[in-house]
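The sequence and structure are shown first.

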Amino acid sequence: ARRTMATTNNLVFYGIPSPDGVERRVLYHSKFRAIYTYRMSLADLDANLQRVLEERKWEVASDERNNLVGKLDITNDGRIVHVSTEPCSNPMFCTMKYWIDM
């Protein structure tokens with residue numbers, strides 16, 4: 001089995017898991033924010049994110065992204081989690097952030 005730097009605890013943020021992906025890394029995780037990087041395209045990451053939202057019964061409340069870059073808000077049971085997706089400087093990588101209002 002291949003080892004990963006992520007643990008199960010920091011792959012879930014307020015009940016929503018980070019999507020599976022190629023070389024997923026946890027850059028930062030707190031009770032207010034989580035930042036993940038992936039070695040995959042934004043389109044592939046978005047497809048995985050949409051699958052997670054559907055499986056976990058989260059709904060998209062608003063989507064301000066342009067070409068998959070930017071912010072969307074997701075909701076479940078009255079909870080709102082903000083999500084941001086963006087490419088990294090290396091086009092083979094992308095970043096996804098989850099955060100809540102404090």
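Two strands are said to pair if DSSP finds at least two bridges between them. In this predicted model, seven bridges join strand 6 to strand 7, the two running antiparallel, and L72 stands opposite V83 in strand 7.

These two strands belong to an open sheet of six strands in the order 3-4-8-7-6-5, in which the pairing is antiparallel. The edges of the sheet are formed by strand 3 (25-29) and strand 5, each of which pairs on one side only, and the twist from one strand to the next averages 20°.

Helix 1, which covers residues 42-55 and so has 14 residues, reaches 20 Å from its first C-alpha to its last, close to the 20 Å expected at 1.5 Å a residue. Its buried residues are L42, L45, D46, N48, L49, V52 and L53; because they fall within an arc of 165° when seen down the axis of helix 1, they line one face of the helix. The face turned away from this buried side carries E54 and E55, which are exposed. Just after helix 1, K57 takes a positive phi of about 65°.

What covers the buried residues of helix 1 includes the strands listed below.

| Strand | Residues |
|---|---|
| strand 2 | residues 16-17 |
| strand 4 | residues 33-38 |
| strand 5 | residues 59-63 |
| strand 6 | residues 70-76 |
| strand 7 | residues 79-87 |
| strand 8 | residues 94-99 |

Note on methods
Residues are numbered from 1 along each chain as its sequence is written. This is a predicted model: local features need pLDDT of at least 70, side-chain atom pairs count only at pLDDT 80 or more; totals for chains, interfaces and linings use all residues. Side-chain values use heavy atoms; hydrogens and water are left out. Helices (H or I, at least four residues) and strands (E, at least two) are DSSP runs, numbered from the N terminus. The expected span of a helix is 1.5 Å times one less than its number of residues. Buried means under 20% relative accessible area, exposed over 50%, partly exposed in between (1.4 Å probe, protein chains only). The arc is that of the directions from the helix axis to the C-beta atoms. Contact means heavy atoms within 4.5 Å. Axes are lines fitted to C-alpha atoms, for helices over the stretch in contact, and angles run from 0 to 180 degrees between N-to-C directions.
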